[in-house]
Amino acid sequence: MAYAINFNVMNPGRERSPVAPLADVAIGLTGVTKRYQRGKGLLTAVSEVTLSVPPGQVIGLLGPNGAGKTTTIKMICGLVLPTAGTITLNGYDVARQRAGAVRQIGAVLEGSRNVYWPLSAWQNLMYFGRLKGLRAVAIRPRAERLLTELGLWERRHESVGSFSRGMQQKVAIAAALITDPPVLLLDEPTIGLDVAAARTVKDWIARLAADEGKTVLLTTHQLGVAQELASRIAVIRDGKIIADLPTGELLSRYAEDRFEIRTRKIPNGLRPGVLPAGGRIEHGAEATRILLPGAGQADLYRVLDGLRAAGSQLISVSQARPGLEDIFLRLIRDGEEGPGAVRATAAERVA
Amino acid sequence: MTAITAPRPGAQGVLGPALRAVGTEAGKGLALMWRRRAITITGIALNGLLYLMIQFFIGGGHLVLPVLALTLPALIAYIVAATAALQGSGGIAEEVNAGTLEQVHLSPARPSLLAAGRLAALAAEGLIPAIVLALAFGLGYRPHWAISPDALVPLALTIADALGYGLLMTALTLRLASIGAVVHVFNMAVMFLGGLFVPITLFPHGIEIFARFVPTALGVEVLNTTLAGRGLAAAWADGTLPWLLAHVAVLAALGWLAYLHTLRRARREGGLSAR
């Protein structure tokens, strides 16, 4: 979908050129650092973050609370000024070409209402569209389409404050999309939503990326959402990127065959040497679990033979592969594993 | 991916989008005011009743029309100033807490244009109740005013003074946690020292001098001079008009610069939202 943007009129004299810079990088961060003054000291919220997101990619930025995710997103939006480094949005320098840069983005920020609850959904969309420089005639059809697709059209004149949390979040997403920006920054877009509302939002994000080619930077604590939507995962801890890989690559790099055997009691115990390195036995009331991380087929057969010899009654044997949550927890626990270990090449990331 | 086409440079000019940005922000302010119109109407009624009761108290149970003629302009000025301060401060605090201030600043428009729009909404929000009360008391009691075009100058300056004060309080909201108490204290000062109950020319000399530094007080004094039929020349000659001009210039500039400075500082420190 094409729309016209007048690049200089809202911020005359600041922009370098009225022509939109064309870029291979939709979101580019180079050596971005943010330090806050806290009392007499400095708190480093984000440290030397370098990230390059190509157009059309959905990237999940994951990290524990206080890792620097929200600060990073706000710096990309230009709402927080970095202490050092440069940020570009489709070639626009956020610090020096703010007007051009903010036209590239729509943002739903975490912990915020994002829209005016006393106003109606329609008033909000018209307001945010105008605020971003569009005329009413251009906003109306888009607002109608967004509200219809999100199932809010019938209630468009009701105040957003009277909506359910899921509907309010949909209005926030619609407001972020009202100018059809090529880049979406979504900070915890499904937080606090029930299963159905979260599913709608997830489907929308997936559709925006797949059908409209939007670049999406997504932060979430719901790792299943990130695994489902993001083709690339970056993990941030203590303000530093400690992993940055395509999702599939990250999963396979940390993948290990993990067998789980459930048995009744093991009357005679397992012979020494049967359990492979890393294997462990957990005794429960109902059953005994034998966990074999990193075990191969030979290890599995040896343990099964050992169980038969010990007179144990087998309940089940299953194979599990670690999900993103397991990998995330391991990364967060183990910390930085060296850039070589967890960073992909640019070609891998684009792929 | 979305294709972005750049239009011919200068196709829309500079003024149109700038005015639209101001108008958009002002329109939002008015739409929000309309949503809380019950509060606005209650405020008009309470302010009117309070003013009337004090006037009766001062007049020993009677309404003294010459006093009403001198204090009614102060009521108008007080309402504009108090509304600008309360709604400006309360509005921006609510936006910080709700996170909408951040969304507003995702606009390509300059912060100064957004500030101008916010100010226009505050002006309208203050002027509507002020006009309602001025008409109610003006038509109800018909004070002896010599209404002339000269009165428009101090009226405009008084409104500018009130808005400068409101913008300063709005700016302080981004810095001070206890801004609610600060605004109430300053609003009380404007109410008591701005000539709302007793004209400031009747104050003891020391207090009169001090009162002239209070927002809107000088404006009300000049307005009273012109409404008494003495014209702007008299106000210029007694020094109140030049001092009013200086007061408005300083307060408006202070409010404007403080607001833009605190916004810049909030961006540096991540203070545009509560999180």
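**Notebook: chain A sheet, then chain B**

I started at A:Leu185 and looked up its bridge partner in β9(A), which turns out to be A:Leu217. Worth noting before going on: I'm working from a predicted model.

Next I checked the strands around that pair. β8 (residues 183-187) and β9 (residues 215-219) of chain A run parallel, and five bridges join them. Helix α6 (residues 195-212) of chain A packs on the sheet and touches β4, β8 and β9 of chain A. I get about 150 degrees between the direction of α6 and that of β9(A).

Then I went for the whole sheet. What is the strand order in this open sheet of chain A? I read β7-β8-β9-β4-β10-β11, six strands with mixed pairing. At the edges stand β7 (105-108) and β11 (240-246) of chain A; each has a single partner strand, so one side of each has no neighbour in the sheet. Ignoring direction, neighbouring strands are turned by 15 degrees against each other on average.

Another helix turned up here. Helix α1 (residues 69-77) of chain A lies across β4 (58-62), β7, β8, β9 and β10 (232-237) of chain A. Against β8(A), helix α1 runs at about 150 degrees.

Domain 1 comes in pieces, 27-104 + 181-252 + 330-350, while domain 2 covers 256-320. Their C-alpha centres are 41 Å apart.

On to chain B. Is chain B's radius of gyration what a compact globule of 275 residues would have, or something else? The rule puts such a globule near 19 Å and chain B has 20 Å, so the two agree. I noted the span of the C-alpha trace along the principal axes too: about 75 × 35 × 35 Å. For burial, 46% of the 275 residues of chain B count as buried. Of the contacts in chain B with a separation of 6 or more, 83% are between residues 24 or more positions apart.

Last, I zoomed in on B:Arg212. This residue sits in the loop between α8 (205-211) and α9 (217-227) of chain B. Is B:Arg212 buried, partly exposed or exposed? I find 17 other C-beta atoms within 10 Å, so B:Arg212 is partly exposed, since buried needs 20 or more and exposed 12 or fewer. Leaving out residues up to four places away in sequence, B:Arg212 touches B:Ala217, B:Leu218 and B:Trp243. I also took the C-alpha separation between B:Arg212 and B:Leu50, 162 residues apart along the chain, and got 23 Å.

Terms used:
Residues numbered from 1 in each chain as written. Chains lettered and ligands numbered in written order. Predicted model: local features only at pLDDT ≥ 70, side-chain atom pairs only at ≥ 80, totals over all residues. Rg over C-alpha atoms; globule rule 2.2 N^0.38 Å. Contact = placed C-beta atoms within 7 Å. Helix = DSSP H or I, 4+ residues; strand = E, 2+ residues; numbered from the N terminus. Domains from an automatic or database assignment. Pairing = 2+ DSSP bridges. Axes fitted to C-alpha atoms, helices over the stretch in contact; angles between N-to-C directions.
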